[in-house]
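Hi everyone, thanks for coming. Let me put the structure up on the screen, and then I'll walk you through a few spots.

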Amino acid sequence: MKDLYLLGYQLIAGASDTSTGALLIAAPVFTIRMMGISVPYDATPFLSFIGAFVLAVGLSYLYGAL
């Protein structure tokens, strides 16, 4: 039973981080607006780097679920 909860957690966290990371790479301003966060305009290019990190974390969750 405990393994089932862990698998569910890994799948949910992995899917949410992977999708958030992909959105931060593809459409960073839109994604930040959806989160309700305000970011200075000159920091926008760096959001893709953050998105790459979040995407990697999400993929590692999904890889761990295998």
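Predicted model: local features only at pLDDT ≥ 70, side-chain atom pairs only at ≥ 80, totals over all residues.

Let's begin with helix H1, which covers residues 2-26. H1 has 25 residues and reaches 36 Å from its first C-alpha to its last, close to the 36 Å expected at 1.5 Å a residue.

Next comes helix H2, residues 28-35. H1 and H2 pack with their axes 5 Å apart, at an angle of about 130 degrees. That angle makes H1 oblique to H2. If you'd like to find the contact on screen, look on H1 for Thr 20, Leu 23, Leu 24, Ile 25 and Ala 26; they meet Pro 28, Thr 31, Ile 32, Met 34 and Met 35 in H2. Sorted by class, this contact of H1 with H2 has eight nonpolar residues, two polar ones and no charged ones.

So which residues of H1 are buried? They are Gln 10, Ala 13, Gly 14, Thr 18, Gly 21 and Leu 24. Their cover includes H2 and helix H3, residues 47-65.

Now let's zoom in on Thr 18, which lies in H1. Thr 18 counts as buried because its relative accessibility is 18%, and the cut-off is under 20%. What does its side chain reach? A polar atom of the Thr 18 side chain lies 2.6 Å from the backbone oxygen of Gly 14, and there is also a polar side-chain atom 3.5 Å from the backbone nitrogen of Leu 59. Leaving aside neighbours within four places in sequence, Thr 18 is in contact with Leu 55, Gly 58, Leu 59 and Leu 62.

Conventions: Residues numbered from 1 in each chain as written. Heavy atoms only, no water. Axes fitted to C-alpha atoms, helices over the stretch in contact; angles between N-to-C directions. Helix = DSSP H or I, 4+ residues; strand = E, 2+ residues; numbered from the N terminus. Parallel < 35°, antiparallel > 145°, perpendicular 65-115°, else oblique. Contact = heavy atoms within 4.5 Å. Nonpolar A, V, L, I, M, F, W, Y, C, P; charged D, E, K, R; others polar. Buried < 20%, exposed > 50% of the residue type's maximum accessible area, 1.4 Å probe, protein only. Polar contact = N/O pair within 3.5 Å; in protein donor to acceptor, adjacent residues only side chain to side chain. Expected span 1.5 Å × (residues − 1).
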